[in-house]
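Good morning, everyone. Please take a moment with the sequence and the model before I start.

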Amino acid sequence: PQPVYRKDYKPTPYLIDQVHLTFQLGEEHTTVLSDLHFKPNYQGDSPPEVVLNGRKDLKLQSVKVDGKDVPQEQYEVSEKLLMIRGLPKGPFNLQIETQIKPQDNTSLEGLYKSSGNFCTQCEAEGFRGITYFYDRPDVLAKYTTRIEAPKGPYPVLLSNGNLQASGELSDGRHFATWEDPFPKPCYLFALVAGDLAVSKDSFTTASGRRVDLHIYVQQQNIDRVAYAMQSLKAAMKWDEDVFGLEYDLDLFNIVAVDDFNMGAMENKSLNIFNSRLVLASPATATDDDFARIEGVVAHEYFHNWTGNRVTCRDWFQLTLKEGLTVFRDQEFSADMRSRGVKRVDDASALRRAQFPEDAGAFAHPIRPEEYTRMDNFYSLTVYEKGAEVVRLYQTLLGQAGFRKGMDLYFKRHDGTAVTCDDFRAAMADANDVDLSALGTWYQQAGTPAVKVSTSYNASARTYTVKASQSTPATPGQSHKDPVLIPLAVGLLGKSGQPLALHLQGSKANGSAGDSAVLRLEKASQEFVFTEVPEEPVPSLCRNFSAPIKLEVEGQTEDDLIFLVKHDTDPFARWDAAQRLGQALMIQLYAAAADTSKNGSSSLAERCSAAGGVKQSLVDAFRAVLQDKALDGAMAAALLTLPGPTELQAMIHHADPVTLHEVRKYVVKELAQQLRPDLEAAVKRNDLPASEEYSPDAAQAAKRVLKNKCLGFLAALGEPAVYSMLLQRFRDASNMTDEIAALAALTECPCKERETGLSEFYQKWKDENLVVLKWLALQAASNVSGNLAAVQELQQHPAFNIKNPNNCYSLFLPFVRSPVNFHAGDGSGYRFLADSILTVDKINSQVAARMASPFTQLKQFDSERQTIMKQQAQRVADTEGLSENVFEVVQKSLK
Ligand code: B3K
Ligand code: ZN
């Protein structure tokens, strides 16, 4: 397969400004008639050929120009292209008729069937599976779509825009014609035809336009859409309030489907969602599910401006719409819930998942330079790091400045397809500042590492902060330049009070309350605070002001404990707690892994000989548990020890199983020492049975803290705790508590585990989305020898390998189990490789996502690297492998 390069961008020789599509949907085959209005976009007066993208499953029936058949010798069809010569000068119409078989399309890209209904997914390059087209985002056209289908099985016919006409046809068929007045790239095209129930509501925009809001789901789910509807209305209001952006049509549709590769899709006025991100009831969805639904419904809605009205010139610019829209949904959720907790969650997720991507074999800049399969670049880097880069603008310009930049961005680019550079230029011009220094973030892969050292001069009353930065080499990119890093800093005095900040010179970009923003842009720099009355404790990278790895020289354990107690910045406070946990586990790992001194000792003995869990950490955790004023979600975050992937990245070639055992040892020790406090916190946060469930942040915070404490107590390994958990599982009145108790048990080899799992399945076996939770819990379990259970689940009647959610709930959680995925005999790796090969034949996008653990193989000990490579190689060598999977494994093997 040939990669595509960003530098090779060229506009098409023609533009298509009008598209008329007619779909004749059928069970045997579907006919697609496409009538395209072409306009010259070339120089000179000899018309070049038209080269359109296609896919091998398109059956070309006829090609006409201005109504006349194009002679055979004037066109060529290959697996991926349709080429037409001898075209007239000036504008012309091209009519193409193709046949497709949506019912056989298991890739879930293009037009396909889910639960008997027709639906589409065109981003990034799915439209070419429907008809021949310039399948790229810089060709913007107005679409009309006529859908014809049998009325019995497909009473609902939907496409983008407004309904123009509908009516009956002969033979029990009917039709609907939709017209979208906004020019759009083909990746935003959508069609749905099926038997669906609808929930209706409306929203009146600031300027008084009434918008009908319709959510379509399968009949049995109609009572589970209220939360999605409420989230949609909240998002519409928020975008008006915060960015002055109104919705632009009279109708907004959401359709939920069970078979969907990703979370959701922002097709113009017809968003299509994975049903797990629409459907929710207290009995079947957790607090996290509710929060995710709110966030994703908002995200897709926000795309109407950031993505649809202003779109991407080419796919290399994907972060232009995704990074920006993720940033917008993060801010929305922060306003709907707890801002501090949201920031901690996002920062924590970035570190846990994106940092490894940026350090692994698939590292790429947020704006990649090349790709083989674009699908593989819908990555955490493009989305989540991209959102952090957008946040840099806001941190540098302030909220008002950022808004000015957004206004100018829309004013300049509405209705067009642009680049990340256009976005930066709008931000810079609107604020009359030079932001070219931010350009490097778009070019360089890898997480910048910043080292800070500080010194206090008592007689001069100055405090100096020295900062140096470097970005580690990544595959194909060995040289790195410094990047512009806004580092938000606060200084705390002896009793925890914030000190007033006076920064010498003009290097500070601004100050917000108790924080100053240092502008790091060189390899090494110095900043001096004056009038500092006492030696402070620095609070650094507040609000996670940049996506960096920060090392603070000379930072003591006392400093960290002090920050956990006193820092008013939620991120910096949480980060201090993380650092305490990291330091401890790194130290204990070294002792645990060193079996040379006393080979017969147990891991716990080696850990306690090395000092065990320090009293200071126990005390810090106790203070969190006893702090009744603290938001429960924040408390839960502070009590969460760094996870396996973060620790793995910090310990060179660590053995993942030993590392897991060390973490388990720490959790158990903490549970033993904090038992009364954990039990008290559980009691305090148990809601009275009389209180009705609400997914709001305040109530969810109590549950998350309680369930965090229950997780610690489970680690005690006591039969009494097991039966308490089973009882809680049985008594639970909502899914959050039910699954939390079961999750705690699933990590413990005890009879209550088996009882709970089987009762849960019996109770929920007819609820697809709940069964996914049941699969995921078991797959992720670290009880030893669990691979056999996972293999059995693959044969279980509840498991459907053709459904992406099923794959994501079995294979991806399994990979997160250090004990079973990284089993020393290689059985976990072999299982993953086998599963990838099986799934690849059905759906290569899903298979490629499953292959991503191989991109991390260099992190592990050499024995594991060897056996992981063997499996990656076996996948790479398989005949008929998809390009998607090949691109991932081949990079992993380099
Ligand atoms: N834009 C879509 C993702 C499409 C994925 C294509 N493989 C969802 C989103 O980011 O909103
Ligand atoms: Zn998006």
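Let me begin with a detail. Which residue of β8 stands opposite Glu-76? That is Met-83. Keep in mind throughout that this is a predicted model.

Now the setting of that pair. The strands are β7 and β8, with β8 running over residues 81-84. They pair in the antiparallel sense, over 3 bridges. Both belong to an open sheet of 3 strands. The order is β4-β8-β7, and the pairing is antiparallel.

Next, another sheet. This open sheet has 4 strands, in the order β10-β11-β16-β13. Here too the pairing is antiparallel. The edges belong to β10, residues 110-114, and β13, residues 156-159. Each has a single partner strand, so one side of each has no neighbour in the sheet. Neighbouring strands are turned by 20° against each other on average, with direction ignored.

Look at one pairing inside this sheet. β10 meets β11, residues 117-121, in the antiparallel sense over 5 bridges. Tyr-112 stands opposite Cys-119 in β11.

β17 covers residues 197-204 and β18 covers 210-217. They pair in the antiparallel sense over 8 bridges. Thr-204 stands opposite Arg-210 in β18.

Let's zoom out. The protein chain is divided into domain 1 (4-287), domain 2 (311-443), domain 3 (449-546), domain 4 (552-716) and domain 5 (765-894).

Take domain 4 and domain 5. Their C-alpha centres lie 29 Å apart. How many residues does each give to the contact? Domain 4 gives 10 and domain 5 gives 8. On the domain 4 side, α13 (644-650) and α14 (656-685) are the elements that give two or more residues. The largest share, 4 residues, comes from α14. By class, that side of domain 4 has 6 nonpolar residues, 3 polar and 1 charged.

Last stop: ligand 1. Which domains give at least three residues each to the shell around it? Domain 1 and domain 2 do. Among the residues surrounding ligand 1 are Glu-123, Ala-124, His-299, Glu-300, His-303 and Glu-322. Met-262, Asp-375 and Tyr-378 are also in the shell. Two elements give two or more residues: β20 (264-265) and α2 (287-302). By class, the shell has 5 nonpolar, 2 polar and 5 charged residues.

That's my tour. Over to you for comments.

Conventions. Residues are numbered from 1 along each chain as its sequence is written. Chains are lettered from A and ligands numbered from 1 in the order in which they are written. This is a predicted model: local features need pLDDT of at least 70, side-chain atom pairs count only at pLDDT 80 or more; totals for chains, interfaces and linings use all residues. Domain bounds come from an automatic or database domain assignment. Two residues are in contact if their C-beta atoms, placed from the backbone, lie within 7 Å. Ala, Val, Leu, Ile, Met, Phe, Trp, Tyr, Cys and Pro count as nonpolar, Asp, Glu, Lys and Arg as charged, and the others, Gly among them, as polar. Two strands pair if DSSP finds at least two bridges between them. Axes are lines fitted to C-alpha atoms, for helices over the stretch in contact, and angles run from 0 to 180 degrees between N-to-C directions. A residue is near a molecule or strand if its C-beta atom, placed from the backbone, lies within 6 Å of it.
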